[in-house]
Amino acid sequence: MNFKLLVKFAFFFSIALNISAQGYHSILITEIFADPTPSRGLPDKEFIELYNNSNSVVSLKGFELYYNTSQVTIPDFDLQPGAYVIATRFNNAELFEPYGDVISLCQFSLLNSGTTLTLYNADGQLVFEVTYSSDWYSPGRNQGYSLEMIDLNYACKDFENWTSSLSELGGTPGEANASANSIVDTEPPKLLSYSSEDNLVYQLIFSENINESVEDLVVVLEPGVINIAEFSIVEGNRLIIELESEISSGDSFTLTIDGVSDCIGNSADILELELSNIRKAEPGELLLSEVLFNPKSGGSDFVEIVNISDQKLSLRELGFSRKNTIGEIEEPDLIGNNIIIEPGQYLCFTEDKQAQVINYPKALESNIIEIASLSSYTNETGEVLLIDSDYKIFDSFEYHEHMHHVSIDDPDGVSLERVIQNNSAVNTFWQSASASENYATPGYGAVPANVDDRFRLVLSPEVFTPDNDGIDEGTTISINAQDGGVLDISIFDINGVLVKTISKNQYTNRFFTAQWDGSDATGENLSMGYYIVVAQYITDGDVLSQRAKILLAKAR
């Protein structure tokens with residue numbers, strides 16, 4: 001090779017190295033000082049720190065920094081390999097000169113709450129992007145402390161690779177981060193949620209940034225009546241999938257995605273999602289079917305619902321709530337936009353699915369859904385509400401620990417479940433889950449606990465308030481039997497003293513109903529408290545008995 005060609009080759013090689021050095025993640029933002037007040041020792045001014053992550057000198061001339069809703073051009077500066085430079089507003093530059101090299105920006109500001117910082121090179125190529133948040137700070141180290149990148153080898157990661165500076169000055173401008181450490185990451189990305197506003201464009205949100213190479217993904221929609229128009233990754237952890245046409249009402253498709261991995265190569269299992277255009281449930285189609293409000297130690301509350309309609313229903317915009325101490329309905333914990341419930345299906349919702357599976361071996365795991373948040377229901381008494389995002393009540397259940405069967409001494413881990421007859425909310429009743437089911441039935445229907453199906457006692461409501469307000473003034477005592485027989489019904493106080501006889505040696509042809517207003521045998525109003533209703537039924541030579549607790553909550 002002659003000298004002239006050698007010079008040309010060297011010149012070309014130099015340009016190639018320079019272009020490569022200015023590529024994606026060649027320059028990193030490694031420190032963000034967004035909330036400098038009160039000062040811990042550093043100047044009380046905002047800055048970011050840039051780091052040359054390449055093996056070559058990088059000219060920052062023509063680089064563009066986007067922040068909040070603004071943009072600023074970075075002035076000419078040659079950043080050496082492995083070197084840091086501080087970028088701050090021009091009138092603050094002199095304050096940071098004692099800490100290292102400084103770049104003066106003609107304009108610059110950061111939001112305390114968080115924003116997206118994006119860096120492009122002179123050719124308009126993305127070099128680095130991060131969306132920080134005030135949630136990224138360590139407890140007690142927010143104001144006056146910078147956010148620092150922990151491991152420069154994991155620059156593609158977001159919140160899990162950032163934390164508050166450990167420096168007593170509040171930050172480390174111009175030098176290696178005080179919070180620097182090595183991260184070991186073997187966890188693949190997890191799908192957190194997916195949604196669509198129009199049944200045409202779907203957004204999938206993952207637990208961390210995923211691979212930018214969408215060509216590595218295999219995405220299939222079955223059955224193949226509708227094709228996928230395109231898919232793309234945005235904001236690092238969001239995958240957008242656009243269909244060629246909208247999914248028709250009532251239709252469902254299975255979306256399969258293979259090849260999802262995080263930005264360092266941890267691969268997720270093949271994902272299978274159901275995309276559908278199923279109508280939202282209406283009041284009267286869903287019922288609360290089971291509540292665990294007093295879990296075992298280390299366990300978790302759960303709420304279960306059942307679809308009593310004859311159609312598939314979407315649970316979008318639905319969630320669970322409770323009332324606060326002054327009777328106001330709290331903001332609901334929403335279930336999620338893409339959960340479909342089949343006719344007759346039970347779905348159990350909890351913050352800890354694994355706890356339910358461990359504590360209740362018969363649990364139907366496929367019908368247990370873990371959600372991000374569920375109200376913590378008190379152990380003694382409370383009200384569970386199934387409501388939508390507009391606070392429309394679909395169903396409610398006012399529970400009390402004394403609603404458990406009298407034989408249950410320790411209610412920890414024992415759920416109350418609803419026995420539903422003929423797929424209707426009429427004449428349903430709540431009972432303690434059976435010992436044969438480990439005291440809860442998450443994901444499947446109630447199993448009668450020591451009940452002879454030939455004879456059943458139902459109280460509605462199980463908590464009543466005879467206080468002349470026109471609401472729940474009394475309770476209805478109902479008997480359902482398979483065959484005719486002779487009926488006795490008596491009411492005892494909590495000490496076992498007979499206070500009233502409802503029925504004595506009365507023949508009934510299968511069904512019997514009576515009202516009780518909270519009075520005793522003389523017609524006097526009884527005091528507030530718990531009472532036991534005992535029913536005995538003689539039929540076909542057998543003596544059958546049932547008992548149930550009832551709460552007289554207010555007296556006149």
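Helices (H or I, at least four residues) and strands (E, at least two) are DSSP runs, numbered from the N terminus. The views below come from a predicted model, where local features need pLDDT of at least 70, side-chain atom pairs count only at pLDDT 80 or more, and totals for chains, interfaces and linings use all residues. Residues are numbered from 1 along each chain as its sequence is written, and side-chain values use heavy atoms, with hydrogens and water left out.

**View A. The lining of the largest pocket draws its largest share, five residues, from β13.** A pocket here is an open set of points on a 1 Å grid over the protein atoms alone, where a 1.4 Å probe fits, with protein on both sides within 12 Å along at least five of seven lines; lining residues have an atom within 4 Å of a point. Its volume is about 1,300 Å³, taken as the space filled by probe spheres set on the points, which are joined across faces, edges and corners. Among the 34 lining residues, L192, S193, I339, I369 and E370 are the closest to the centre. Two or more residues each come from β13 (191-196), β19 (271-276), β24 and β27 (368-370).

**View B. Four strands make an open antiparallel sheet, ordered β24-β23-β28-β29.** Strands pair if DSSP finds at least two bridges between them. Because β24 (333-334) and β29 (393-400) each have a single partner strand, they stand at the edges. Two bridges join β23 (residues 318-321) to β24, and G319 stands opposite L334 in β24.

**View C. Q356 sits in helix α3 (residues 353-359).** With 1% relative accessibility, Q356 counts as buried (under 20% relative accessible area, 1.4 Å probe, protein chains only).

Methods:
Buried < 20%, exposed > 50% of the residue type's maximum accessible area, 1.4 Å probe, protein only.
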